[in-house]
Amino acid sequence: MVPSALKAAAAFALAAACVHAQAAELKLAIATDVTSMDPQYANIAGNVQVSRHMFESLADLDADGRLVPRLAESWRRTEASVWEFKLRPNVKFHDGSTLTAEDVVYSVGRPATLTSSPATLNGFLKDITKAEALDANTVRFTTATPLAVLPNYLAMVPIVSKHATQGLKPEDFETGKGMVGTGPYRFGKFLRSDRIEMTRNEAYWGKKPHFDKVTIRIMPNNPARTAALLSGEVDAIAVVPTADVARIKQNPNITFYTKPLARHTFWTLNQASDALPQAFDHDGKPLTSNPFKDVRVRKAFSKAIDREAIGSRVMDGLGVPTQNPVPATMFGYNPDLAPEKYDLEGAKKLMAEAGLPNCFKLSIFARSDSHPTDSAQAQAVGQMLSRLGCKVSVEVVPTSVFFTRGNKLELPMLLLATGVDGGDLGVTLEYLFSNPTNNPFRKVNMQTYDSPAFWKPLREALALNDEQVRERKYRDTTRVLRDEVGVIPTELMVGTWAARKGVVLTPRVDERTYAFEASGN
């Protein structure tokens, strides 16, 4: 007969062993698709979130959006247009080779060769005219003009191994070729539209992550993502579906997280095409002109959108009406820019002045595999524009289709979201709106907005070390963006996450979810 005390001890030990075994692997579900394993192929949310586990940049952003050193332990501006970065010594790639300045020089040049990218990294690199390795651990960058935010730009560019990636195409990375980074996790397997498997990098130069194996499930379907969490199929999910927030909050076995994001949603209006695509008059004839070239039409569309209703009802309180790309706590916020008030009569008056009292027919687009409220937001905006006399068709498509068609300027109006991922408002604005006239690497910009009045204060700001003056210039820039209705901002977003008991997540202002920032309890 086994004493009861021993039985209890054995049971406790078994339970502890089970918890330890479960803690060894983290299964995380994300809402966004992953289109490529090549970390430099496209600056798309799902791609970035996954690649950061395996690849790192010279600088990085912490969970609150502050710039911090990563592969570079320090940097300094030696002249107005010259920077030097010192690499951490003895950092190893996953194949055991040592990171050198030559790898950094190669990594900065490689995105220019990825000409099929739907969201090129060259928006962050175009100002660099020369990158040179001064020694094994020192890189010097020269820029075409003074650039105070170069470290912020370089925080967006993953460093790859020169010898492991030379000659590879983006599609080669899916089989594991070239998946040689310096990050806390090593590549295991990629199953498109399903999962990515990774194992802990035991030779990682920094803090070792808690979990020794990570599986990231790609689950854009909202009910499926919630069901996977509740059933235990996954341990945590990013972007909790708004319809499921209440019951997840009430579940005693699940921890619910929120964090205000440096991320906002906005509508892009095609201002570039001479004839607006997928737009018709009320007799069904294709438009031969582009109404969105008229600022009165753009203002009318903005006034016709009820941001309060979208934030409170469509997004269940997880959206805050905004005219600013950043929250009030972040550098660059403009307190003079109040959210556009819903004003249907004012919108109708502007449309009449523009010679379009009955509006026109058009399609508006959102993504099916991005934020869980994108489709609902688009449906709501479609209904609001119908009150303006517009006949609106709402189309919700996968990210791959959305960006392919958007970059061909085939879409008239589309819902996007962007964040201050570089830790500086100017970095985001410059990347978002750069176009073929000021960025030789960008064949097209689906935002289509381009104005000298916008670019002048922004360019001046990006060169300035004086943060007070730079912030004033940023405010000038966002005021022009509002007055000219370059895009139509709608909501600042609130991020949501949920994890089963025993898993602790770190919410981030960029809405990313990193396994190496998670722990067990």
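**Figure 1. The one disulfide.** Searching the whole structure, which is a predicted model, turns up 1 disulfide (a pair of cysteine sulfur atoms within 2.5 Å). The partners are Cys359 and Cys390, with an S to S distance of 2.0 Å. Cys359 sits in the loop between H10 and E15, and Cys390 in the loop between H11 and strand E16 (391-397), so this link bridges distant parts of the chain, 31 residues apart. Helices (H or I, at least four residues) and strands (E, at least two) are DSSP runs, numbered from the N terminus. The bond is right-handed, because the torsion about S-S is about 80°. Cys359 counts as buried at 6% relative accessibility, and Cys390 is buried too, at 3%. Here buried means under 20% relative accessible area, exposed over 50% and partly exposed in between, using a 1.4 Å probe and protein chains only.

A word on the model: residues are numbered from 1 along each chain as its sequence is written, and side-chain values use heavy atoms, with hydrogens and water left out. As this is a predicted model, local features need pLDDT of at least 70 and side-chain atom pairs count only at pLDDT 80 or more, while totals for chains, interfaces and linings use all residues.

Figure 2. The whole structure holds 15 aromatic pairs. Rings of Phe, Tyr and Trp (its six-membered ring) pair if their centres lie within 6.5 Å; planes under 30 degrees apart count as stacked, over 60 as edge-to-face and the rest as tilted. One of the pairs is Phe292 with Phe360, edge-to-face at 6.1 Å centre to centre and 65° between the planes. Phe292 lies in the loop between strand E13 (279-280) and helix H8 (295-303), and Phe360 in the loop between helix H10 (344-353) and strand E15 (361-367), so the pair ties together parts 68 residues apart in sequence. Phe292 is buried, at 0% relative accessible area, and so is Phe360, at 1%. Phe402 and Phe403 are edge-to-face as well, because their ring centres are 5.5 Å apart and their planes at 80°. Both Phe402 and Phe403 are buried. Elsewhere, Trp75, Trp83, Phe85 and Phe141 make up one aromatic cluster.

**Figure 3. Arginines over rings.** The charged end of Arg367 sits over the ring of Phe402, 5.5 Å from its centre. Arg52 does likewise with Tyr514, its charged end 5.8 Å from the ring centre. To qualify, NZ of Lys or CZ of Arg must be within 6 Å of the ring centre and within 35 degrees of the ring normal.

**Figure 4. Nonpolar cores.** A nonpolar core is a set of buried Ala, Val, Leu, Ile, Met, Phe, Trp, Tyr and Cys residues joined through side-chain atoms within 4.5 Å. The largest one has 71 residues, and those touching the most other members are Met37, Trp267, Phe292, Phe301, Phe360, Leu362 and Met413. Helix H11 (residues 374-386) gives this core its largest share, 5 residues. Another core, of 62 residues, lies apart from it and includes Phe141, Ile159, Ala164 and Tyr431.

**Figure 5. A covered helix.** Helix H13 (residues 425-433) is mostly covered, with 9 of its 9 residues buried. Among them are Glu430, Tyr431 and Phe433. The cover over these buried residues includes helix H4 (150-154), strand E12 (254-269), strand E17 (413-419), helix H14 (452-462) and helix H15 (467-483), where contact means heavy atoms within 4.5 Å.
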